[in-house]
Amino acid sequence: MKLDVLKLDAKKAGSVDLDESIFGLEPRRDILFRVVRYQLAKRRAGTHKVKTRRETSYSTKKIVRQKGSGGARHGDRNAPIFRSGGVYKGPTPRSHAHALPKKIRALGLCHALSAKMAAGKLVVLDNADLGDAKTKSLAAIASKMGWKKALIIDGDTVNENIARAAGNIDNIDVLPSQGANVYDILRRDTLVLTKAAVEKLEARLK
């Protein structure tokens with residue numbers, strides 16, 4: 001399939017052939033869901049923690065004698081049933097990451113790219129070389145192109161000027177081709193790829 005290539009000034013700069021097996025799939029929500037869930041689980045810190053009975057700071061004296069009080073048998077006030085006592089089976093630090101086959105992760109990226117292509121939200125640039133590192137310049141380009149929430153993916157490296165300019169704009173993200181992922185693609189309305197990014201992604205996913 002062919003798609004027009006644009007310059008940063010919104011003028012045409014030819015066209016590019018996109019691989020049908022990467023950009024022409026019928027997007028599957030189940031695969032996209034699995035990959036996004038995998039990514040979000042992997043990024044969780046997992047540092048939530050509560051104090052157990054042995055970690056709370058309270059008296060360790062036995063409350064009442066074992067027999068003869070007519071009440072329940074208790075040890076000390078660190079027990080979970082008492083105020084300021086420890087928590088029984090509470091959360092402890094752990095990893096929330098889970099396994100997902102490499103083929104499913106790659107397929108998910110193909111479906112994310114295909115979803116943007118099918119929705120008409122895929123833009124291919126000749127290059128993403130911004131003349132200066134001014135936020136105003138990139139904001140003007142985004143306004144002219146109609147990018148409200150965009151992800152710009154470049155080749156092996158990202159142009160330093162555009163990376164610095166995008167740092168001050170909440171709705172524009174910039175990534176190298178190696179960092180392309182399903183979650184970041186889906187969370188932005190428009191996906192902007194440079195010709196170098198298209199070549200790298202096709203080489204990576206074929």
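Lys12 counts as exposed, at 62% relative accessibility (exposed means over 50% relative accessible area, buried under 20%, and partly exposed in between, with a 1.4 Å probe and protein chains only). The side chain of Lys12 meets that of Asp4 in a salt bridge of 3.4 Å, N to O, where a salt bridge is a side-chain nitrogen of Lys or Arg within 4 Å of a carboxyl oxygen of Asp or Glu. This is a predicted model, in which local features need pLDDT of at least 70 and side-chain atom pairs count only at pLDDT 80 or more, while totals for chains, interfaces and linings use all residues. Residues are numbered from 1 along each chain as its sequence is written, and side-chain values use heavy atoms, with hydrogens and water left out.

**Salt bridges**

- The structure holds 10 salt bridges.
- Side chains of opposite charge can pair when their charged atoms come close.
- Asp4, the partner of Lys12, is partly exposed, with a relative accessible area of 40%.
- Glu55 and Lys49 form a salt bridge through their side chains at 2.9 Å, N to O; Glu55 is partly exposed at 36%, and Lys49 is partly exposed at 43%.
- Arg53 and Asp76 are joined by a salt bridge of 3.8 Å, N to O. Both Arg53 and Asp76 lie in the loop between H2 and H3, so the pair ties together parts that are 23 residues apart in sequence.
- Within this pair, Arg53 is partly exposed, with a relative accessible area of 40%, whereas Asp76 is buried at 14%.
- A network of salt bridges links Asp173, Asp184, Arg187 and Arg188.

- Thr56 is placed in the loop between helix H2 (29–43) and helix H3 (102–118); helices (H or I, at least four residues) and strands (E, at least two) are DSSP runs, numbered from the N terminus.
- Thr56 counts as buried because its relative accessibility is 14%.
- A polar contact of 2.6 Å joins the side chain of Thr56 to that of Asn78. A polar contact is a pair of N or O atoms within 3.5 Å; within protein, one must be able to donate a hydrogen and the other to accept it, and residues adjacent in sequence count only if both atoms are side-chain atoms.
- The side chain of Thr56 also reaches the backbone oxygen of Arg53, at 3.2 Å.
- Leaving aside neighbours within four places in sequence, Thr56 is in contact (heavy atoms within 4.5 Å) with Lys51, Asn78, Ser84, Gly85 and Gly86.

- The 15 residues of H2 should span 21 Å at 1.5 Å a residue, and the end C-alpha atoms of H2 are 21 Å apart, which agrees; the expected span is 1.5 Å times one less than the number of residues.
- Ile31, Leu32, Val35, Val36, Tyr38, Gln39 and Ala41 are the buried residues of H2.
- The cover over these buried residues includes H3 and helix H6 (182–187).
- Leu25 is located in the loop between helix H1 (20–23) and H2 and is partly exposed, with a relative accessible area of 26%.
- Leu25 and His111 are 86 residues apart in sequence, and their C-alpha atoms are 6.3 Å apart in space.
- Not counting residues up to four places away in sequence, Leu25 touches Glu20, Leu107, Cys110, His111 and Ser114.

**The sheet**

- An open sheet of 6 strands has the order E2-E1-E3-E6-E4-E5, with mixed pairing; two strands pair if DSSP finds at least two bridges between them.
- Strand E2 (12–17) and strand E5 (172–175) are the edge strands, each pairing on one side only.
- Neighbouring strands of this sheet are turned by 30° against each other on average, direction ignored; axes are lines fitted to C-alpha atoms, for helices over the stretch in contact, and angles run from 0 to 180 degrees between N-to-C directions.
- Strand E1 (residues 2–6) and strand E3 (residues 122–125) run parallel and are joined by 2 bridges, with Leu125 of E3 as the bridge partner of Leu6.
- E3 and E6 run parallel and are joined by 4 bridges; in E6, Thr194 is the bridge partner of Leu125.
- Strand E4 (residues 150–153) also runs parallel to E6, with 4 bridges between them, and Leu151 has Leu191 as its bridge partner in E6.

**Strand E6**

- Strand E6 (residues 190–194) is largely enclosed by the rest of the structure, because 5 of its 5 residues are buried.
- In a regular strand the side chains alternate between the two faces of the sheet.
- Thr190, Val192 and Thr194 point one way from E6, Leu191 and Leu193 point the other way, and all are buried.
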